[in-house]
Amino acid sequence: MTEQSQDAIRKELACLFAEAQLTVSDAEMDRMVGLVAENRAAGERVRRLLGRYDEPAFGFPSRRRS
Amino acid sequence: MEEELCFLTIAEAARRFRAGLLSPVALTEAFLARIENENPKINAYLLVTGDQALEAARGAEEELSVGRDRGPMHGIPVALKDNIETAGIRTTAHSRVLLDHVPKADAAVVEKLKRAGAVPLGKLACLEFAHGAPSPDQAFPPARNPWDRDHGFTGGSSTGSGAAVAAGLAMAALGTDTGGSIRNPAALCGIAGLMPTYGRVSRRGVIPYSFSLDACGPLAWTVEDCALVLVAIAGYDPADPGSADLPVPDFTAGLKDGVSGLRIGLLRHFFEEDMVADSDMAAAIDASLEVLAGLGAIVSDARARPLADYHDVKTLIGEAEFFAAHEADWLARSDDFGASLRLRTAEGAMIPAADYLQAQRARRHLAAEMDQLFDDFDVLITATVLEPAPPLARDESGPRARKPNLTQPFNVAGVPALSVCTGFSAAGLPLAMQIAARAFNEAAALRVGHTYEAVTPHRDRRPQL
């Protein structure tokens, strides 16, 4: 993840914490940015999983031919 | 005497009721006395509803005395994880957010237990909203593991459910399971715990963690007792959109059929390659499979997707749905969330909709693959946890909690999975294995678990408080 992407996450989190009226230390913010970055990476991996199987998003199993 | 009664199994207590050797009131009184003496050592209960319990026990006693028999749960003292709503009784989900929450209605599972004549003793500790971690700022202290109450974590999130059953403070408890929350405490507390198939048990009145992953099920000292509770709580409920409209079999019927000819697939790569279990845990799995093979089961290695694939899918779905369920409270009163959830709840808000949807698509593939595995195997076995009870003080919200675990694959696939005690580590802490079966085939997992328990000595050993 680029520094730019991390900065974008940091800004988005800051807005969210402000909305929830939460004060967050720098260390806590760093940790949250890390967690969100991990989840974004998981999102990328999940896409690869789908690509690997090349399945359609929707289908009728009962019509599948053996 | 109190200990002797509180360490009975449900099956044995039910037999004694009908033989006139024991009464529901005497049994309930024994549990209430034991809870009063022992609960302060392990904090399993957040709330004991003694008066209501005695009233229910008296009702059961009266009915049984005139032959109105509601079945094996009639007069049996049970307890409820505190994220399961109870009419007129505070339900907190172990959170300051819900300290004043007194539901108007019982959850479907509570209705069903009462209909079966069970005697609810009270509400049990859990991890906050079944998702947080113990922290000193919470409204209640964490439950402690009866096998090591000074240091040992109970496993979560059904912490009090695991602790209460192991310590003889309830004959059975209900828990909920989104990524392992029934099976982890069952494993670390040395008892049996079953996550039923997604949709088998209604979640109406269960405070949600993740709408599409949550399941509700039993924890008990034995597999047979889990089966008895499941019979009472399973069944279709139109008020739960995830509920399956399928007949409920008698889960106790095939328990004694043995395992001869049963095909068991060992998911060894889960705990040897994808993650590495400690040596005691791994050795106990091998020993358990030898026992089952000796009884005629056909054991061979099976292979599923790597644990990390299930973990990614579970995390994206679970965190997003957790935020959806708790967004309003978090925005309005985030200070009332415990330290581990106060910030982490924001994770779910930061998951893009496309990631969530791709995870749901991927889940369908993983579930279909798991279903295919059950063409070749009647049950799949793997470890439940990687190690015996870790220290309670370890920061559960830290990096360790982000690693894949051994229970999530079965939540993602929506299939039933049972944790069974497989013995004890060199330090005297419980070890466990997990037995999973095809969707709606809880009976197969229960049959294997019961057969294993019947020929091994692990049910003879209780923790000393």
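Two residues are said to be in contact if their C-beta atoms, placed from the backbone, lie within 7 Å. Among the contacts in chain B between residues at least 6 apart in sequence, 79% join residues that are at least 24 apart. This is a predicted model, in which local features need pLDDT of at least 70 and side-chain atom pairs count only at pLDDT 80 or more, while totals for chains, interfaces and linings use all residues. Residues are numbered from 1 along each chain as its sequence is written, and chains are lettered from A in the order in which they are written.

Chain B holds 16 helices and 11 strands, where helices (H or I, at least four residues) and strands (E, at least two) are DSSP runs numbered from the N terminus. Its radius of gyration, taken over C-alpha atoms, is 20 Å, close to the 23 Å that the globule rule gives for 465 residues, so chain B is as compact as a globular protein of that length; the rule is 2.2 Å times the number of residues to the power 0.38.

Within chain B, strand S2 (residues 77-81) pairs in the parallel sense with strand S3 (residues 119-124) over four bridges, pairing being counted if DSSP finds at least two bridges between two strands. One of these links sets Pro77(B) against its bridge partner Val119(B) in S3(B). S2(B) also runs parallel to strand S4 (residues 172-177) of chain B, joined by three bridges, and here Val78(B) has Ala172(B) as its bridge partner.

Turning to the two chains together, 26 residues of chain A are in contact with 24 residues of chain B.
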